[in-house]
Amino acid sequence: MRVVIGFLLSALLPLSCSHAPDPLAWLYGPRSLRFGSLQADTTGGECPEECDCPPSFPVAMYCDGRGLTAMPTIPSRMKYLYLQNNAITAVSDSALVNATNLVWLMMHYNQLTSDAIGKKAFQQVNGLKRLYLQHNNLTAFPPNLPRTLQDLRINHNKIEKVTPADLEGMDNLTILYLHDNAVTDMGMSLKALKSLTLLEISGNKLTKVPEALPEHLHQLYLEFNSIDSLPEGFLGQFTQLQYIRMAHNQLTDKGIPANTFNVTGLVELDLSFNKLERIPPVSTTLQHLYLQANQIKEFTLGSFCSVVDVTNFSNLRTLRLDGNEISRQDIPTESTLCLRLTSSIEV
C-alpha cells in the first residue's frame with residue numbers, strides 16, 4: 001500500500017521539480033520558443049525585414065500598419081499580401097513582377113494616386129482574385145487590372161468616370177464596391193460583368209441608373225446619388241435581385257414608371273429620403289419597405305394588396321412611413337387583413 005501511495009504522490013509533483021521539459025511550454029513561452037522548431041521558408045526569396053512571414057503560414061506576408069511609404073520586395077511564393085494601413089504612394093511596373101502567385105492583395109488605407117500606378121503594374125499577377133484599394137487617392141481605375149478578379153473594392157477614392165475598358169473581360173467579378181467616389185457616368189462599363197451579384201455605387205454623383213446592369217445581380221445599392229427617375233422596365237431583366245437601396249436620391253412619382261417595383265423576388269426595398277407623394281405598388285412577396293422622409297400624403301392599401309380578403313395578403317414584415325404627411329388615423333382598418341404579417345407600421 002505504501003508503494004502505491006508513494007507512486008501517486010510522485011505523479012502529482014509539479015513539473016518544475018522534474019528535469020523533463022514542459023510539453024506545453026510552447027503555448028506561453030517566448031516567440032523564439034514557439035517557432036524555434038519551424039524553419040522559415042525562403043522559397044522565391046527572403047521575407048523583407050519590415051514584414052512578417054509566419055513559418056506556420058509561409059504563403060502569407062503581413063506588412064500592414066508598418067508606416068511603409070514604398071512597396072516591399074515580395075517573394076514569389078506569396079499568395080496573400082497585406083499592405084493596408086500604410087503610406088504607400090506608388091505601385092511601379094516592377095513592384096509586383098515577382099508576385100506571380102498572388103491571390104489576395106490588400107492595399108486599402110494608403111496614399112496611392114492614379115498617375116503613380118504603372119500601366120504594367122498588374123501584368124504578372126494573373127491569378128489575383130481579391131483586390132482592396134479603398135481609401136486611397138485614386139481618380140481613375142488602375143490600368144490593366146487582372147481579369148481573374150472576383151472581389152474588387154475601390155470605394156472611398158476620387159474616381160469620376162468608369163469606362164468599358166476598366167472592367168472589360170472581368171467575367172468572374174462577383175463583388176464591386178465603388179461607393180463614395182465622384183462618379184458621374186458609368187456608360188456601358190457594367191455590361192461585361194456577367195457574374196456580378198453585388199454592386200455598391202452609393203455616394204456618387206449619378207443622375208440616372210447605370211445602363212446595362214448585369215442580369216444576375218442580387219444586391220443593388222444606389223443610395224446618396226441624384227437620381228430623379230427610373231427607366232421603363234427597370235427590374236424586368238433581373239431574376240435574382242432581392243435587395244434594392246435607393247435612399248437619399250431625388251425620386252418623384254412621375255419618375256417611376258407604373259408597377260416598377262411590383263415584381264416577385266424582391267425582399268427589401270429602400271426608397272426613403274426621396275420626394276415621393278404616393279406609395280408605389282409593390283409585390284406581395286416584399287418583406288421590408290422603407291419609405292420614411294418622403295412627402296407621402298395618402299395610405300393606399302392597393303399598393304400592397306390588389307384584393308383584400310382572408311386569402312390575399314402581403315408578406316411585408318417591416319413598413320416605415322415616418323417623416324411623411326400622414327398619421328396613424330389615415331391607415332384603413334382593412335390593413336389588418338392585408339398587412340397581417342407586419343410587426344408594426346411606423347408613421
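Student: In this predicted model, does Cys 53 count as buried or exposed?

Tutor: The relative accessibility of Cys 53 is 16%, and the limit for calling a residue buried is under 20% relative accessible area. Because 16% falls under that cut-off, Cys 53 counts as buried.

Student: Which residue does a disulfide join to Cys 53?

Tutor: The link that involves Cys 53 is right-handed, with 80 degrees about the S-S bond. With an S to S distance of 2.1 Å, the residue joined to Cys 53 is Cys 47.

Student: How many residues apart are Cys 51 and Cys 63?

Tutor: A disulfide joins Cys 51 to Cys 63 with 2.1 Å from S to S, and this link is right-handed, with 110 degrees about the S-S bond. The pair links distant parts of the chain, since Cys 51 lies in the loop between α3 (31-35) and β1 (60-62), while Cys 63 lies in the loop between β1 and β2 (80-82), and the two are 12 residues apart.

Student: Which helix holds Cys 338, the partner of Cys 305 in a disulfide?

Tutor: The sulfur atoms of Cys 305 and Cys 338 are 2.0 Å apart, and their link is right-handed, with 90 degrees about the S-S bond. Cys 305 lies in the loop between β11 (288-290) and β12 (318-320), so the pair ties together parts that are 33 residues apart in sequence. Cys 338 is buried at 0% relative accessibility, and the helix that holds Cys 338 is α5.

Terms used:
Residues are numbered from 1 along each chain as its sequence is written. This is a predicted model: local features need pLDDT of at least 70, side-chain atom pairs count only at pLDDT 80 or more; totals for chains, interfaces and linings use all residues. Side-chain values use heavy atoms; hydrogens and water are left out. A disulfide is a pair of cysteine sulfur atoms within 2.5 Å. Buried means under 20% relative accessible area, exposed over 50%, partly exposed in between (1.4 Å probe, protein chains only). Helices (H or I, at least four residues) and strands (E, at least two) are DSSP runs, numbered from the N terminus.
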